[in-house]
Structure formats: structure tokens, C-alpha cells
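Work through the exercises below with the sequence and the model at hand. Each task is followed by a solution in steps.

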Amino acid sequence: MNTATKLSGFALGLAVVFGATYGVGRVADPVTPPAEAPHDAGGGHGDDGGAGHGGDNGAAAHLPGGLLVSDRGYTLRPVDAPAGQFAFQVTGPDGRAVTAYDVAHDKRMHLIVARRDLSGFRHVHPEMTPDGTWRVDSPLAGPGVWRAFADFTPTGGEALTLGVDVTVPGELTGRPLPAPATSTTVDGYTVTLAGAPEPGRTAELTLSVSRGGAPVTDLEPYLGAYGHLVALRQGDLAYLHVHPHGEPGDGRTRPGPEVSFSAEMPSAGAYRLYLDFKHGGVVRTAEFTVVAGSPTAPGVPAATGSPTAGTPAATSSPTADAGHGVPGHGHD
Ligand SMILES: [Cu+2]
């Protein structure tokens with residue numbers, strides 16, 4: 001059952017299956033013109049926490065990152081790679097591979113991968129050859145449909161996150177999303193999460209790192225911060241930029257135990273958070289499931305697109321928000 005050892009055998013097949021599978025993702029049409037005037041934003045239809053449905057006439061700029069394989073003229077193109085390697089290019093508006101990138105968070109290119117069931121997260125930093133090809137030891141640890149995100153800023157352009165699906169053949173064992181939790185452990189470290197994400201609003205998320213019951217107060221800088229947080233939305237793996245508060249050496253940001261972030265979840269539902277932190281020279285990832293909006297919101301189970309029978313959400317009133325769910329009440 002050791003899938004890792006089989007991976008090198010699969011890697012050669014990656015480029016072949018790319019084109020066939022990336023359509024699995026929810027790829028929004030970036031150029032659909034608005035067919036009519038936008039609806040009044042206040043007209044929710046019993047859609048508790050409906051702040052996330054805006055943007056009818058928004059172009060790609062209004063989407064979360066990572067949903068598009070091509071945006072603003074830049075396209076993510078995997079290329080053939082030797083077994084055990086992952087390689088890709090980003091082509092620019094002129095159709096050629098981009099070779100000039102700005103440094104962001106200490107690197108010119110951040111490659112993040114996760115399976116579509118949100119397992120297997122890895123965040124790695126490829127090296128570019130002069131022809132604009134980025135290469136890295138493959139982070140795809142076993143069979144499954146993976147989403148690969150390239151997070152970069154082309155020199156002279158805006159920051160972009162492009163995404164593409166990659167299938168690693170083999171026996172697939174889907175994993176349900178772990179239940180929401182405010183504490184997790186990794187390699188003997190305990191990481192706790194404080195803060196409640198709300199759809200459409202910026203929330204403060206604070207993560208605290210301890211080991212053996214003692215707060216860790218000597219976190220090491222990683223990517224220009226004491227922690228790097230990525231959030232992926234269940235269902236479409238929208239990739240959220242999450243910005244840390246402060247940075248090492250600014251005279252006010254302490255190296256733990258707390259690392260805090262501002263995060264805005266674009267819609268209600270479940271997200272997986274991945275905190276990379278560095279201590280003792282090793283980068284580790286602590287993972288959490290969080291639910292934006294009502295804790296009873298759908299989306300926590302692994303199955304997507306199959307609402308439970310009866311869809312009681314329209315009649316229940318899970319929050320103390322007076323007025324909602326009362327028949328006859330107009331919008332406020
Ligand atoms: Cu990175």
C-alpha cells in the first residue's frame with residue numbers, strides 16, 4: 001500500500017492526463033457580459049449568510065484565486081517532466097513563457113498542491129530555468145485528482161494565482177473532510193485556532209503554537225512571516241490569500257506563540273486552513289477545517305452537490321439574528 005514508492009512510475013503520465021481533467025474544476029467564464037442590470041444586492045431569498053453570491057457582472061478579478069487556469073493573459077501550462085518531477089510554465093500575453101517574476105513572500109513562485117478532497121496539502125518552491133520552466137521534486141504524494149496552484153507576480157503585472165487539475169493514476173480512496181476543530185497536532189506541536197470566519201467579512205484568525213504544553217516563543221521566519229496560511233474552499237478549491245499581521249523584525253511582531261491573520265471567506269461553507277510554520281529549522285503544516293457562517297451550514301460532509309433530503313435550511317433559523325426566517329419579513 002505504499003503509494004509513495006509508486007509515484008515515480010506515475011509521474012511520466014502526468015502531462016498526458018492534464019488536458020482531460022482540468023475541466024473538472026469550476027472554471028468561470030471570465031468574459032460573460034452582464035445580460036441585465038445587477039439585482040439589488042439586498043434581496044436574499046432565505047439564503048442565510050448570502051453575502052457570497054455577489055458578483056454577477058464581475059470578471060475574473062472578482063473571483064477568488066486559483067479557479068482559473070488562464071487569467072489576464074497568463075496561462076498555467078504543465079510540461080513534460082522526468083519521473084518524480086513536476087514542471088510547468090506560465091505563458092504571458094505574448095504567448096511566450098514568462099521569465100521575469102517579482103519576489104513575493106520571499107519567493108518568485110509558490111506552488112501549492114492539494115487533492116480535490118483537500119488532503120495532501122504541500123507548499124513548495126520550484127526553481128526556474130532560463131527558458132521559464134519551473135521544476136520541483138513532485139509534491140503529488142500518491143494517486144488522486146490534485147489541484148496545483150501557481151501563486152506569483154509577473155514583473156509588470158498583478159499578483160495571480162492560477163490553478164490546474166492533475167491526475168495521478170492509481171487506486172483512489174476519497175477521504176471525508178475532517179470535522180471542524182479548533183485544535184490540531186502535527187509532529188508533537190499543538191496548534192489552536194481562535195476566531196470565527198464569517199462569509200463576506202474580514203475575520204481575525206489567531207493561531208497559537210505550543211509543544212509539550214509550553215508556548216513556542218521562538219518561531220522562525222518563513223516566507224517573511226512567522227506563519228503562512230492558505231485557505232481552500234470545499235467544493236471548488238478556491239484559493240484564498242490570507243495576510244499575516246506584522247512581520248519578523250518590524251519591532252512589534254513576536255515570534256509566537258501567536259500568529260494572526262486577516263481572512264475573508266467569500267461564501268458560507270467549509271474551508272480547510274493550512275498553516276505553515278517553521279521551528280527548529282523544519283517547516284510543518286497544521287490543518288484545520290472551519291465553517292464560515294452558520295455551524296449548521298451545509299458543506300461539511302465530503303459529498304458535494306448532493307444536498308440532504310428535505311433541505312430544511314430554508315425554514316430553520318439557526319442564528320439569533322432576529323427577523324430572519326420569519327415569514328413575511330422583508331429584507332432589512
Ligand atoms: Cu511559497
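**Exercise 1.** In which sense do strand 18 and strand 19 pair, and over how many bridges?

The model is predicted: local features need pLDDT of at least 70 and side-chain atom pairs pLDDT 80 or more, while totals for chains, interfaces and linings use all residues. Residues are numbered from 1 along each chain as its sequence is written, and side-chain values use heavy atoms, without hydrogens and water.

Step 1. Strands are DSSP runs of E with at least two residues, numbered from the N terminus; strand 18 covers residues 269–279.
Step 2. Two strands pair if DSSP finds at least two bridges between them. Strands 18 and 19 are joined by eleven bridges, in the antiparallel sense.

**Exercise 2.** Which protein atoms are donors of the copper ion?

Step 1. Donors are N, O and S atoms within 2.8 Å of the metal (3.2 Å for Na, K and Ca); water is not among the atoms, so sites may look incomplete.
Step 2. His-110 (ND1), His-123 (NE2) and His-125 (NE2) lie 1.8 to 2.0 Å from the copper ion.
Step 3. The spacing of the donors along the chain is H-x12-H-x1-H. His-110 belongs to strand 4 (residues 109–115) and His-123 to strand 5 (residues 122–124), 13 residues apart.

**Exercise 3.** Is His-110 buried or exposed?

Step 1. Buried means under 20% relative accessible area, exposed over 50%, and partly exposed in between (1.4 Å probe, protein chains only).
Step 2. His-110 has a relative accessible area of 3%, so His-110 is buried.
Step 3. His-123, at 10% relative accessibility, also counts as buried.

Notes: Helix = DSSP H or I, 4+ residues; strand = E, 2+ residues; numbered from the N terminus.
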